[in-house]
Amino acid sequence: FELTKVKKQSELVSLENDGIEKEEKINNLKEEEKIILEKIKYIEEKEIKGEEVSIEELEDFFAKRGF
């Protein structure tokens with residue numbers, strides 16, 4: 001869900017007027033997207049190994065994003 005939200009925000013920002021603010025927003029959103037994708041990959045790798053992702057890890061991940 002969070003990844004979809006960030007991608008949609010990137011699309012909306014790209015439709016805004018050109019300028020430095022637009023570039024900053026796009027860069028920030030791309031960085032946020034990268035972080036989310038890294039977390040998804042981490043969770044998937046743990047699941048493949050048969051390890052469980054702790055509730056604390058998930059809560060920390062979502063807490064950092066305002067959930």
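Residues 24 or more positions apart account for 46% of the contacts in the chain that have a separation of 6 or more. The model examined here is a predicted one, and its chain contains 3 helices and 0 strands, the elements running α-α-α from the N terminus on. Of the 67 residues of the chain, 24% count as buried.

Helix α2, which spans residues 20-48, comprises 29 residues and reaches 42 Å from its first C-alpha to its last, a value close to the 42 Å expected at 1.5 Å a residue. The buried positions of α2 are Lys-22, Ile-26, Leu-29, Glu-33, Ile-36, Lys-39, Ile-43 and Lys-46, and the buried residues of this helix pack against both α1 (2-15) and α3. After α2 comes Gly-50, for which phi is positive, near 85°.

On the side of α1, Val-13, a residue of that helix, counts as buried because its relative accessibility is 7%, below the 20% limit. When residues up to four places away in sequence are not counted, Val-13 touches Lys-22, Lys-25, Ile-26 and Leu-29; of these, Lys-22, Ile-26 and Leu-29 are among the buried residues of α2. Val-13 and Leu-29 are 16 residues apart along the chain, and their C-alpha atoms are separated by 9.3 Å.

Glu-33, which lies in helix α2, is buried yet has no salt bridge.

Phe-61, in helix α3, is buried, with a relative accessible area of 10%. Apart from neighbours within four places in sequence, the contacts of Phe-61 are Ile-36 and Lys-39, both of which belong to the buried set of α2. Phe-61 and Ile-36 are 25 residues apart in sequence, whereas the C-alpha to C-alpha distance between them is 8.9 Å.

A search of the whole structure finds 1 salt bridge, formed by Glu-57 with Lys-46, whose closest N and O atoms are 3.6 Å apart. This pair links distant parts of the chain, with Glu-57 placed in helix α3 (residues 55-63) and Lys-46 in helix α2, 11 residues apart. The two partners fall into separate accessibility classes: Lys-46 counts as buried at 14% relative accessibility, whereas Glu-57, with a relative accessible area of 22%, is partly exposed, because the limit for burial is set at under 20%.

Notes
Residues are numbered from 1 along each chain as its sequence is written. This is a predicted model: local features need pLDDT of at least 70, side-chain atom pairs count only at pLDDT 80 or more; totals for chains, interfaces and linings use all residues. Side-chain values use heavy atoms; hydrogens and water are left out. A salt bridge is a side-chain nitrogen of Lys or Arg within 4 Å of a carboxyl oxygen of Asp or Glu. Helices (H or I, at least four residues) and strands (E, at least two) are DSSP runs, numbered from the N terminus. Buried means under 20% relative accessible area, exposed over 50%, partly exposed in between (1.4 Å probe, protein chains only). Lys and Arg count as positive and Asp and Glu as negative; His and the chain ends are not counted. The expected span of a helix is 1.5 Å times one less than its number of residues. Contact means heavy atoms within 4.5 Å.
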